[in-house]
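These are my notebook entries on one structure. I set down what I looked up, in the order in which I looked it up.

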Amino acid sequence: MPLVTSTEMFKKAYDGGYAIGAFNINNLEIVQAITDAAAELKSPVILQASAGARKYANSVYLVKLVEAALALHPEVPMVLHLDHGANFEVCKDCVDNGFTSVMIDYSGHSFEENIEESRKVAEYAHAHGVVVEAELGTLAGIEDDVKVAAEDSSYTRPEDVEEFVKRTGVDSLAIAIGTSHGAYKFKPEQCTRNEKGILVPPPLRFDILEEVSRRLPGFPIVLHGSSSVPQEYVKIVNEYGGAMKDAVGVPEDELRHAAQLSVCKINIDSDLRIGMTAGIRKHFAEHPEHFDPRQYITDGRANVKAIVAHKIKEVLGSDGKI
Ligand SMILES: [Zn+2]
């Protein structure tokens, strides 16, 4: 099977009460880890590339790496998605070069400008068999070079969603209900601490999600910034020379709940980065004599694969859904 769009995936996920994981790809080992886990668990998967990934790896490599993964796992439905396309030109470039899904993120512009740019992308993408995600509301946190302070973030206004979807023709909508980009999603003062001293973030705004779904029945919703920052891996990073103080994410039980509702795509990036770093740091500490990148990257890759498998089974519920 060639790369697919997310249309069929989202329909099944919506009806089945689960979500598809959208994992960020940056290099060979991350592509291998994600797709090996998806194949073992018979789960559909979305591989997404940000502007930073395209700059780091060169988009041509990323497309070819995903095509290679598909050649090895032809039974796995795979989408290649552009994460946070900044404007029409970036989206067009991806549509023209092998992506099957693009996100236009004009959420930092006015409502009317967001509609106009998203509509333009949807028109072009649809004419080329590619689907489109857009965003309403602004997430806090750090996504590649874009940093949004908590006070500049804003929840999605449910009263905007019908007009936005109708006028743009987009296929899915990312909304802001309290998730955040990066490994430091919430400041300590926004959180409480549990008995182990770990930060507990404020709960997601399920009331907004429910109101959006009521206004857009059957329409796939996307959550960005949905890493959970697994503390067992943060601990390994810190034990072996790292300094990730007060890193905190979105609790997995809240994401599981969202996946059972109208959320069909959940974006996960930071957790994979932390897993890769934990594996490599531990390897360096335990084998200071090693200098072959294959030795230490193997441990990082194994962690990424384990994390993806955990997400598929315990958070997304997409295992066995091929
Ligand atoms: Zn995002």
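**Entry 1: Strand S2**

I began with strand S2 (residues 45–49), which is mostly covered: five of its five residues are buried. I take strands as DSSP runs of type E with at least two residues, helices as runs of H or I with at least four, both numbered from the N terminus. A residue is buried if 20 or more other C-beta atoms lie within 10 Å of its own, exposed if 12 or fewer, and partly exposed in between, with C-beta atoms placed from the backbone.

I note that this is a predicted model, in which local features need pLDDT of at least 70 and side-chain atom pairs count only at pLDDT 80 or more, while totals for chains, interfaces and linings use all residues. Residues are numbered from 1 along each chain as its sequence is written.

Which residues of S2 point which way? I found Val-45, Leu-47 and Ala-49 on one side and Ile-46 and Gln-48 on the other, all of them buried. In a regular strand the side chains alternate between the two faces of the sheet.

**Entry 2: The barrel**

I then traced the sheet that contains S2. Eight strands close into a barrel in the order S1-S2-S3-S4-S5-S8-S12-S13, with parallel pairing. Two strands pair if DSSP finds at least two bridges between them. Neighbouring strands of this sheet are turned by 25 degrees against each other on average, direction ignored. Axes here are lines fitted to C-alpha atoms, for helices over the stretch in contact, and angles run from 0 to 180 degrees between N-to-C directions.

I checked two pairings of S1. S1 and S2 run parallel and are joined by three bridges; Phe-23 has Leu-47 of S2 as its bridge partner. Strand S1 (residues 20–24) also pairs in the parallel sense with strand S13 (residues 263–268), over four bridges, and there Gly-21 stands opposite Ile-266.

Is Asp-83 buried or exposed? With 26 other C-beta atoms within 10 Å, Asp-83 is buried. Not counting residues up to four places away in sequence, Asp-83 touches Asn-24, Gln-48, Ala-49, Ser-50 and Met-103; a contact means that the C-beta atoms, placed from the backbone, lie within 7 Å. Gln-48 is 35 residues from Asp-83 in sequence, yet their C-alpha atoms are 5.8 Å apart.

His-84 also has its place in S3. This residue has a positive phi of about 55 degrees although it is not a glycine, and is buried, with 24 other C-beta atoms within 10 Å. Most residues other than glycine have a negative phi, and most peptide bonds are trans.

I found helix H5 (residues 88–96) lying across S3 and strand S4 (101–104), at about 165 degrees to S3.

**Entry 3: A second residue with positive phi**

Asp-246 is found in the loop between helix H9 (231–239) and H10. Asp-246 has a positive phi of about 55 degrees without being a glycine. With 16 C-beta neighbours inside 10 Å, Asp-246 counts as partly exposed.

**Entry 4: The open sheet**

I noted an open sheet of three strands in the order S7-S6-S9, with mixed pairing. Strand S7 (146–148) and strand S9 (180–181) stand at the edges with a single partner strand each, so one side of each is left without a neighbour in the sheet. Strand S6 (residues 140–143) pairs with S9 in the parallel sense over two bridges, and Ala-140 stands opposite Ser-180 of S9.

**Entry 5: Nonpolar cores**

How many residues does the largest nonpolar core have? I found 83, and those with the most contacts inside it are Ile-34, Leu-47, Val-102 and Leu-173. Such a core is a set of buried Ala, Val, Leu, Ile, Met, Phe, Trp, Tyr and Cys residues joined through C-beta atoms within 7 Å. A second, separate core of 12 residues includes Val-234, Ile-236, Ile-274 and Ala-278.

**Entry 6: The whole chain**

Last, I looked at the protein chain, which has 12 helices and 13 strands. Of its 322 residues, 51% count as buried.

Conventions:
Contact = placed C-beta atoms within 7 Å.
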